[in-house]
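Here's a quick tour of a protein chain. Have a look at the sequence and the 3D structure, then read on.

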Amino acid sequence: RVQLTRDRDVFLKLRDRVAVARKLEADLFISLHADSMPKKNVRGASVYTISNTASDKETARLAERENRADAIMGVDLSVEDNDVADILIDLVMRDTMNQSKVFADIVVGSLGDDRIYLLPNTHRYAGFAVLKAPDIPSVLIETGFLSNSVDARQLNNDAYRHKLGKALAKAVDKYFVSGAAQAVF
């Protein structure tokens, strides 16, 4: 079941987007974007996941802010010893990051199979706020560059957007059907 964070062109804070996914107990979070940059010749899709260093610090703050209650799949860690709670959070975070990487690789393969033009080194790592949920595998997909005339023309074309959507749907199906979405513990 797919749920959008919004259904019209309004701004929703990045952390609020993640909050929507967590409230809905999402199994996967996909943030779709179209990029832009001064270099007009840069084009192609890319997929981002969180890096280990960026995630650890942010998730530690999240756990403190929420007082360890409901930080992971509704489990109240406030009754646990601090060391035990930290280990549990770390295990979930590592699994979430691994699942995000697995899904990102599936997305890159699906986009390539459907002949979507990709940036070199398509799977990239960054500290985007929408990738920082400790318990939801997350990817940020840049569908292309609005600053590039070829990408912009494609992204404004219904048939191309349909092709892109089908490639992403195929990746989601493959992720869940293949058993890749299994927790490691």
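This is a predicted model: local features need pLDDT of at least 70, side-chain atom pairs count only at pLDDT 80 or more; totals for chains, interfaces and linings use all residues.

Residues are numbered from 1 along each chain as its sequence is written, and side-chain values use heavy atoms, with hydrogens and water left out.

**Confidence**

- The chain has a mean pLDDT of 80, and 75% of its residues reach 70 or more; pLDDT is the predictor's confidence in each residue, from 0 to 100.
- Among the chain's elements, helix α4 (residues 149–155) has the highest mean pLDDT, 97, while helix α2 (residues 52–65) has the lowest, 37. Helices (H or I, at least four residues) and strands (E, at least two) are DSSP runs, numbered from the N terminus.
- Residues 52–74 have a pLDDT below 50, yet in the model this stretch has 45 contacts beyond near neighbours in sequence (a contact means heavy atoms within 4.5 Å).

**Strands**

- In strand β2 (residues 45–49), 5 of 5 residues are buried. Buried means under 20% relative accessible area, exposed over 50%, and partly exposed in between, using a 1.4 Å probe and protein chains only.
- Ala-45, Val-47 and Thr-49 point one way from β2, and Ser-46 and Tyr-48 point the other way.
- β2 runs parallel to strand β3 (residues 118–125), with 4 bridges joining them; here Tyr-48 sits opposite Arg-124. Two strands pair if DSSP finds at least two bridges between them.
- With strand β4 (residues 138–145), β2 pairs in the antiparallel sense over 3 bridges, and Ser-46 has Glu-142 as its bridge partner.
- β4 is mostly covered too, with 8 of its 8 residues buried. Strand β1 (residues 29–35) pairs with β4 in the parallel sense over 6 bridges, and Phe-29 stands opposite Ser-138.

**Helix α5**

- Which residues of α5 are buried? They are Tyr-160, Leu-164, Ala-167, Leu-168, Ala-171 and Tyr-175. These cover an arc of only 90 degrees around the axis, which puts them on the same side of α5; the arc is that of the directions from the helix axis to the C-beta atoms.
- On the other side of α5, the exposed residues include Asp-158, His-162 and Lys-166.
- After α5 comes Gly-179, with a positive phi near 85 degrees.
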